[in-house]
Amino acid sequence: MMSSVFTSFKGAIALITGSNQGIGFETARQLGEQGLIVLIGARDKTRGEEAVEILHKENIEAKWIELDVTKQETIDNAVQQISADYGRLDILINNAAIHLEGESPSQTPMTKMRETFEINFFGVFAVTKAFIPLLQKSKQGRIVNVSSQMGSFGKPLPDRNRLAYSTSKTAVNMMTVQFDMEFRTENWNIKINSVNPGPAKTYMTNNKEGYPPPTQAARAIVCVATLPHDGPSGVFFDPENNKIPCKLLVRRKNLNQSWLIPV
């Protein structure tokens, strides 16, 4: 049973990859509403700065960070920039991903497999590895790997047959477990979890009608990113199976604070 004591992340530094749009942007917005400083990791300067401008108009402290998860140079530069500006990183959310295929596994081209894994798996690994030193400087380091039910062995989606995307997310889930074992062994104050945010009406899903807005999906990510000190680590959280450790975010406008409500 997790503690119900409120853990404040106000003033924490959060980097979200691929956050100039969709679930990533909504995650940044919700974290910013809690008083966190949000860093918009995006490849494109124009889109990144446009996202920051929107957040600034909502009185959220935000900054664009050039970050292409497939280019080590931009990752290293992002580490240096955040180190110089803030001296630490409190929350890393690996959100950047692609979903390319629509064909059956036997018809999936090798090029799609490689491109998907380059972003969805190797990109997550490269970013995580690079930012561990800055996360170690945090009093409450958190890493969230945005995964999918399509990567689940226990309850895969029966109507989806997408080899590249599904296997890349399965690999991310195992990477989460492996990093968690190292963090525990080394006694580092970093929690790492995977989360299935659920479906959302975004560019990646071709804005599919009937899907909920990214607001709902982002809530699950924000919840896992701001777990209390005695919260779990090394876990795959899935709202479909009621395993998200908080029901909702309750905003107390009068007190300018937010609480995570334990399940």
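**Helix packing and a buried strand residue**

In this predicted model, α1 passes α2 in a right-handed crossing. Phe-25, Ala-28 and Arg-29 of α1 make the contact with Ala-51, Ile-54 and Leu-55 of α2. By class, the residues of this contact comprise 5 nonpolar, no polar and 1 charged. Helix α1 spans residues 22–33 and helix α2 residues 45–57; the two pack at an angle of about 30°, and their axes lie 11 Å apart. Because angles under 35 degrees count as roughly parallel, α1 is described as roughly parallel to α2.

Attention now turns to helix α5, residues 163–186. Its 24 residues reach 35 Å from the first C-alpha to the last, close to the 34 Å expected at 1.5 Å a residue. The buried residues of α5 include Tyr-165, Val-172, Met-175, Thr-176, Phe-179 and Phe-183. Among the elements that cover the buried residues of α5 are α4 (110–135), β5 (141–146), β6 (190–195) and β7 (236–237). After α5 comes Asn-187, which has a positive phi, near 60°.

Strand β6 contains Asn-193. Is this residue buried or exposed? Asn-193 has a relative accessible area of 1%, and it is therefore buried. Leaving aside neighbours within four places in sequence, Asn-193 is in contact with residues including Thr-176, Ile-143, Val-144, Asn-145, Leu-227 and Phe-237. Gly-234 is also one of its contacts; Asn-193 and Gly-234 are 41 residues apart in sequence, with their C-alpha atoms 5.0 Å apart in space.

How values were computed. Residues are numbered from 1 along each chain as its sequence is written. This is a predicted model: local features need pLDDT of at least 70, side-chain atom pairs count only at pLDDT 80 or more; totals for chains, interfaces and linings use all residues. Side-chain values use heavy atoms; hydrogens and water are left out. Helices (H or I, at least four residues) and strands (E, at least two) are DSSP runs, numbered from the N terminus. The expected span of a helix is 1.5 Å times one less than its number of residues. Buried means under 20% relative accessible area, exposed over 50%, partly exposed in between (1.4 Å probe, protein chains only). Contact means heavy atoms within 4.5 Å. Axes are lines fitted to C-alpha atoms, for helices over the stretch in contact, and angles run from 0 to 180 degrees between N-to-C directions. Angles under 35 degrees count as roughly parallel, over 145 as roughly antiparallel, 65 to 115 as roughly perpendicular and the rest as oblique. A crossing is left-handed if the near helix is turned anticlockwise from the far one by less than a right angle, and right-handed if clockwise. Ala, Val, Leu, Ile, Met, Phe, Trp, Tyr, Cys and Pro count as nonpolar, Asp, Glu, Lys and Arg as charged, and the others, Gly among them, as polar.
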